[in-house]
Structures are given as C-alpha cells and as structure tokens.
Amino acid sequence: MSPGVSAQPGPRAPDGAAIIRVAADCSGAAAQVVGQTGGQLLSASATSEGGQTVCEITVLVPGSGNERPKKVTVRVPQ
C-alpha cells in the first residue's frame, strides 16, 4: 500500500463480499489541486477502486469577471 494508507477488514456486504475500510491522507493531493486551480477546498475523501486508493478532491474555483464560481472535482490516484 501507499505511504499514509491503511486498510482494515470490515463487515461483509449483503452478497458476502468483504468490505475493506480505507484510510488515506489526501492532504497532499488536496494541496496540489488547490494550488493548480487557485480554488478553495470544499472536500477531500479517499476511496478504493480496483485495489488502488484514489483521493477525490472538490474545490470551488472563482469565476472570471462576473461569472459564478465553479465546483470542480478531481480524482488523484495515490
């Protein structure tokens, strides 16, 4: 697993499949996305997809001129 990532077996899904809880530190990925977009961090969460941890970062990017801000979600593999 990646540094800063830990997995613990959890309960079983209704179909009997194992559920694995993943804890990852997405702070580095969040800082990177905020820096690249110039936005404001709204949320950062980690999920596991196909055995790989992915951080889902959502930022609010200011609009130019009189445009409204835009909510942007970026997925960063760990």
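**The nonpolar core and its surroundings**

A: The largest nonpolar core has 9 residues in all: Cys-26, Ala-29, Ala-30, Val-33, Cys-55, Ile-57, Val-59, Val-61 and Val-76. Keep in mind that this is a predicted model. Two elements, H1 and S4, each give two or more residues to this core. The most comes from S4, with 4 residues. There is a general pattern to compare with. In soluble globular proteins, nonpolar side chains tend to be buried together.

Now place the core in the chain. The protein chain has 1 helix and 5 strands. Read along the sequence, the pattern is β-β-α-β-β-β. Helix H1 spans 27-37, and strand S4 covers residues 52-61. Of the 78 residues in the protein chain, 19% are buried.

Cys-26 and Cys-55 form a disulfide. Their sulfur atoms are 2.0 Å apart. A disulfide is a covalent bond between the sulfur atoms of two cysteines. The structure holds 1 disulfide. Cys-26 sits in the loop between strand S2 (18-24) and helix H1, while Cys-55 belongs to strand S4, so the pair ties together parts that are 29 residues apart in sequence. The torsion about the S-S bond is about -85°, so this disulfide is left-handed.

Are these cysteines buried or exposed? The cut-off for buried is under 20% relative accessible area. Cys-26 has 7% relative accessibility, so Cys-26 counts as buried. Cys-55 has a relative accessible area of 0%, so Cys-55 is buried too.

Move to Ala-30, another member of the core. Set aside its neighbours within four places in sequence. Ala-30 is then in contact with Leu-41, Ala-44 and Ile-57. Of these contacts, Ile-57 is also listed in the core.

Strand S4 also holds Thr-58. Thr-58 has 8% relative accessibility, so Thr-58 counts as buried. The side chains of Thr-58 and Thr-73 are joined by a polar contact of 3.1 Å. Again leave out the neighbours within four places in sequence. Thr-58 is in contact with Gln-40, Leu-41, Leu-42, Ser-43, Lys-71, Val-72 and Thr-73.

Finally, step back to the whole chain. Take the contacts with a separation of 6 or more: residues 24 or more positions apart account for 24% of them. The accessible surface of the protein chain comes to about 5300 Å². Carbon and sulfur atoms hold 51% of that surface.

Conventions
Residues numbered from 1 in each chain as written. Predicted model: local features only at pLDDT ≥ 70, side-chain atom pairs only at ≥ 80, totals over all residues. Heavy atoms only, no water. Disulfide = S-S within 2.5 Å. Buried < 20%, exposed > 50% of the residue type's maximum accessible area, 1.4 Å probe, protein only. Polar contact = N/O pair within 3.5 Å; in protein donor to acceptor, adjacent residues only side chain to side chain. Contact = heavy atoms within 4.5 Å. Core = buried A, V, L, I, M, F, W, Y, C linked by side-chain atoms within 4.5 Å. Areas by Shrake-Rupley, 256 points an atom, 1.4 Å probe, with all protein chains shown as cover.
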